[in-house]
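User: I'm new to this one and would like a quick tour. Could you show it to me first?

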Amino acid sequence: MADLLTLFPPGSARDDDGMLTLGGCRADALAEEFGTPVLVVDEPALRARAREYRTELTARWPRSRVVFASKAFPATAVQRVMVEEGLGLDVAGGGEIITALKAGIDPALIVHHGNAKTDDEIALAVEHGVGLVVVDNANDVDRLEASGANVDVLVRVIPGVTADTHAHVLTGHEGSKFGLLPADAAPLIARIERSPRLRMRGLHVHVGSQILDVEPFADSVAPVAALGEFEVYDLGGGLGARYTYADHPPSVPEYLDALIGAAREHLPAEAEIIIEPGRSMVAANAATLYRVVTLKRQFVAVDGGMGDNLEVALFDQRFEAAIAGRLGGGERYTLVGRHCESGDVLVDGVELDAPRVGDLVAMPATGAYCHTMANNYNGNRRIPVVFAGAGEARAVVRRETWDDLLARDV
Ligand SMILES: Cc1ncc(COP(=O)(O)O)c(C=O)c1O
């Protein structure tokens with residue numbers, strides 16, 4: 001029982017009658033007020049994580065910045081928390097620039113990514129004075145030069161490092177669609193250095209996501225360093241999160257000891273280091289509450305599924321879950337969603353204590369990429385995001401309405 005609580009945001013507890021509390025709010029009260037499914041973020045825990053990242057990085061490399069990878073939870077309210085905690089924002093796409101600006105970011109603290117940045121996106125970045133554009137390919141340079149603006153750039157390098165994670169979230173291997181092999185990066189760097197408008201500030205590397213050991217991060221530094229000395233090295237994100245009892249991701253200090261250890265060995269001491277955590281910033285600080293709708297054989301079907309959590313279908317991510325009022329124990333069930341796919345399984349084989357229609361199911365560690373990839377499959381209305389803390393809760397993203405579903409019809 002204690003074990004399961006450790007997968008929920010820090011500070012989660014069981015009330016006197018056994019009901020799960022998140023951010024000091026009872027799960028049943030949250031479900032009553034905001035409906036289900038609902039994605040609940042423990043706001044104090046989120047802020048604490050952002051501060052931990054900043055403090056630990058600065059302690060190891062004072063000339064450094066933490067830039068939150070917005071894609072992991074691209075809600076304006078989450079981006080605003082990061083801005084308020086002194087972080088920059090990594091954006092990958094025009095929409096994330098728009099929400100980052102609404103969140104109050106100083107555009108100079110935005111790092112703009114993408115392997116297929118369109119003319120419009122480059123124009124948006126330039127118009128708003130985005131701090132760093134990460135060049136992924138030669139076409140990016142064509143577009144940036146055509147914009148006529150003065151732009152600071154990093155060049156994304158493939159380090160040729162493979163990490164032990166799902167192939168769909170690997171990005172540092174030689175066959176990656178992201179970035180440039182060192183042999184291709186070198187002439188593009190030379191071209192940028194000759195450009196009258198572009199300023200070659202440094203290099204970027206990102207080895208992938210949900211990485212549960214530190215070696216790949218450390219290994220990615222030397223290949224980048226081999227391309228020369230620059231002012232800035234952005235060493236990406238990728239630290240794994242804890243989804244199941246079996247996951248033991250490195251702590252932020254352990255991760256940074258390895259990464260900054262490699263930086264001390266290979267990078268110029270006066271350089272600035274940026275890191276871009278996404279998943280490990282947000283995953284563990286949120287949970288989703290569902291309502292049980294039907295029971296049949298081994299199946300417990302809830303009122304959500306792949307419309308609010310695509311992580312399972314996309315890369316087989318294993319989650320845990322429990323009846324919110326009876327955490328831990330019980331028989332093994334297959335927790336499924338309501339969508340028209342046999343692959344719409346939330347947890348394949350999870351112990352639930354005597355599930356009944358109407359029970360609340362709580363699924364921890366849904367803070368990363370779930371809101372991101374929420375969709376309207378089967379006319380699903382995308383679910384709300386609620387911030388909870390100190391016993392108070394407020395919606396920061398409302399549930400979609402039927403009218404929202406019709407809003408784009410012409
Ligand atoms: C360039 C870049 N930086 C940072 C991240 C964040 O990765 P993660 O959420 O695994 O920390 C990603 C996501 O894959 C990325 O593509």
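Analyst: Let's start with the largest pocket: its lining splits into 10 nonpolar, 14 polar and 10 charged residues. Here Ala, Val, Leu, Ile, Met, Phe, Trp, Tyr, Cys and Pro count as nonpolar, Asp, Glu, Lys and Arg as charged, and the others, Gly among them, as polar. The model is predicted: local features need pLDDT of at least 70, side-chain atom pairs count only at pLDDT 80 or more, and totals for chains, interfaces and linings use all residues. Numbering starts from 1 along each chain as its sequence is written, and side-chain values use heavy atoms, leaving out hydrogens and water.

User: In what order do the eight strands close into a barrel?

Analyst: Strands count as paired if DSSP finds at least two bridges between them. In the barrel the pairing is parallel; for instance, three bridges join S8 (residues 132–135) to S9 (residues 151–156). The order is S5-S6-S7-S8-S9-S10-S11-S12.

User: And the open sheet of three strands: is its pairing parallel or antiparallel?

Analyst: Its order is S1-S2-S3. S1 and S2 (residues 20–22) share two bridges, and alanine 13 sits opposite threonine 21 in S2. The pairing is antiparallel.

Conventions: Helix = DSSP H or I, 4+ residues; strand = E, 2+ residues; numbered from the N terminus.
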